[in-house]
Amino acid sequence: NHSGRSSIISPLCDNGEVIWLSFFSIFSIAQSLMSIAATASSKNRENSDLNSLTTALFVPSLAMFEHILMRCPMSMIVTKYALEGYKCLAMCTIIPNNGFTEEQRTILASLSKQSIASWGNKSTCSIRDNHVLAFSTLLHVTHTQFEFIGSDLEIIFNTIVQLSSYNISSAKLSSEALDIAIDLSLALSRLPIFSTCLSVASLHELIKSLVSLCTSNYKRRTISKSDDSPNMDLDDVKEGFGGRIFGMAGRALIGTANLIAPPAPIEELPVSAPELPSIHSFLDDFYELSFSRAIEISPKTRKAVFEELPFPLVALIEIAHVNAFRFEPFWYEVSSQIVSLINESDSDARGYAIDSLRSLIVLHLTGKTSQDNRMTAPKEGLISTVDFFSVEFPSVSVATPVSPVSQIEIFKPLFDAVTLTLLPDVAEMGLAAIFSILEASGEILKDDVWPNLIATLDALSGGNNNVINRSSSPWVTSGNLAFRTLKLIVNDFFDYLPSYPSPAAKPIRSALLSCCSSFGCSS
């Protein structure tokens, strides 16, 4: 039907029109598969015909969509259709199989590849509209199918880390893409609270993904104004294979029953003056919100130092705090990464890490985790970029029992960090945290915590029996803090300690005698 065609005449056998119709046919098939998958999912039944069709069509369909994205990055309308095709394939491959499939990993990896500004052998360039749209599609799949992604969350977090070095306030983005980029930046700041939607199994997978990235020694890259200058010759893209195809297709698209409008030339893409600061990344809103919580925990933390902390580590700590009402699945992984930060970072970052441990311990001891946190649900319905990672609180609060993590398991990372450190300032900050916890909650500590706490003070006494020699002058302040904490225990909490004939009395009395002896022998 060419009734809507303009005065531009093109033959019916135009190669561009054939390519467009072929592409749109594949897109329509993917839409049909998605509709069948949605029906099968709503009725909780398997559809063997759907599985067979999906298996047969997945590879060629995805290859077509990926090819279009890579060859025609400047045609936003065609890019949007291709990315809608990705959503359709995700719906009919991930949910019916409850995730954890090769098809799922392939879709997420392909979207990740399309989100990162690269072309051929050239590693970086300015972020463009097509990258923003691809990243938006990746986060859409994450939001709508979060329970099925599992271990492949690492792909998504890796993409976020890679994109954090690009300036989204670039004037090279169209006004539409800039608005989407701003929405995505705000969405990433909601990622910690969104994690409360996850089941315990999915939360554990999320934690494992972040820990894996932490151990990869990711550092947050500084964004410079030079990132706004492309390293890619856009004329090569315009005049390349994709440019020739859609040069021919432009005439055909006008007469395709008004399905879409012809793509605008590259130089005519609408551009708006950035409303953001001249340098702004996808993670700036995340760091801004996280820092506002960090200074409540650790008031001495400097913003410049905090913003240099790796995203996986900050996300790990933030997610740990909002999920503190269910410690058990992730406490060991989270605490081990915090301890690694204590041992490797500069003084300010070490202070933030120790105060984070202290805050988590206090949350557990006081029971505030069960009162202030609860399970949420992701926002449903028609999801736009503004809604990504938004949550809804149930109208009726469902009581969530505090996970059965013992006090000694909660305290152990802090005790180990103080006992094993070779850095005097870590010992000082750790002892200050212990002193603070004792003042606030010493009367509710369990019997098995006291011997380990007192042994930690013993290790900082400067006595000759300690494995690490802490009798030199840099350790004087930590030794004084340890002795002050010992005095607090004896003066204020001795009556709370178990006495004979309780079996818990002996190890505590032995630890106290050893600690007093070490301080008496210290020089």
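Leu488 is buried, since its relative accessible area is 12%, where buried means under 20%, exposed over 50% and partly exposed in between, for a 1.4 Å probe and protein chains only. This residue sits in helix H22, which covers residues 476–492; helices (H or I, at least four residues) and strands (E, at least two) are DSSP runs numbered from the N terminus. Apart from neighbours within four places in sequence, Leu488 touches Phe435, Leu438, Glu439 and Phe493, a contact being heavy atoms within 4.5 Å. Leu438 is 50 residues away from Leu488 along the chain, yet the two C-alpha atoms are 8.3 Å apart.

The structure is predicted, so local features are reported at pLDDT of at least 70 and side-chain atom pairs at pLDDT 80 or more, while totals for chains, interfaces and linings use all residues. Residues are numbered from 1 along each chain as its sequence is written, and side-chain values use heavy atoms, with hydrogens and water left out.

For the protein as a whole, 23 helices and two strands are found. Of its 523 residues, 51% count as buried. Among contacts between residues at least 6 apart in sequence, 79% join residues at least 24 apart. The exposed surface comes to about 23500 Å², with carbon and sulfur atoms supplying 55% of it; these areas come from the Shrake-Rupley method with a 1.4 Å probe, and for residues only the protein chains shown count as cover.

Two helix pairs can be described in turn. The axes of H16 (residues 331–344) and H17 (residues 347–366) come within 8 Å and cross at roughly 150°; axes are lines fitted to C-alpha atoms, for helices over the stretch in contact, and angles run from 0 to 180 degrees between N-to-C directions. H16 is therefore roughly antiparallel to H17, given that angles over 145 degrees count as roughly antiparallel, under 35 as roughly parallel, 65 to 115 as roughly perpendicular and the rest as oblique. On the H16 side, the contact is made by Trp331, Ser335, Ile338, Val339, Leu341 and Ile342, and on the H17 side by residues including Ala349, Arg350, Tyr352 and Leu360. By class, eleven of the contact residues are nonpolar, one is polar and one is charged; Ala, Val, Leu, Ile, Met, Phe, Trp, Tyr, Cys and Pro count as nonpolar, Asp, Glu, Lys and Arg as charged, and the others, Gly among them, as polar.

Leu360 of helix H17 is buried, at 0% relative accessibility. Beyond neighbours within four places in sequence, Leu360 is in contact with Ala320, His321, Phe327, Trp331 and Ile338. Leu360 and Ile317 are 43 residues apart in sequence, with 9.4 Å between their C-alpha atoms.

The second pair is H13 (residues 284–297) and H15 (residues 311–322), which pack at about 60° with axes 11 Å apart. This makes H13 oblique to H15. Phe286, Tyr287, Ser290, Arg293 and Ile297 of H13 meet Phe311, Val314, Ala315, Glu318 and His321 of H15, a set of six nonpolar, two polar and two charged residues.

Finally, two backbone details deserve a look. Most residues other than glycine have a negative phi, and most peptide bonds are trans. Phe389, in the loop between strands S1 (377–378) and S2 (391–392), has a positive phi near 60° and is buried at a relative accessible area of 2%. Tyr500 and Pro501 are joined by a cis peptide bond with omega about 10°, and Pro501 lies in the loop between H22 and H23 (505–521).
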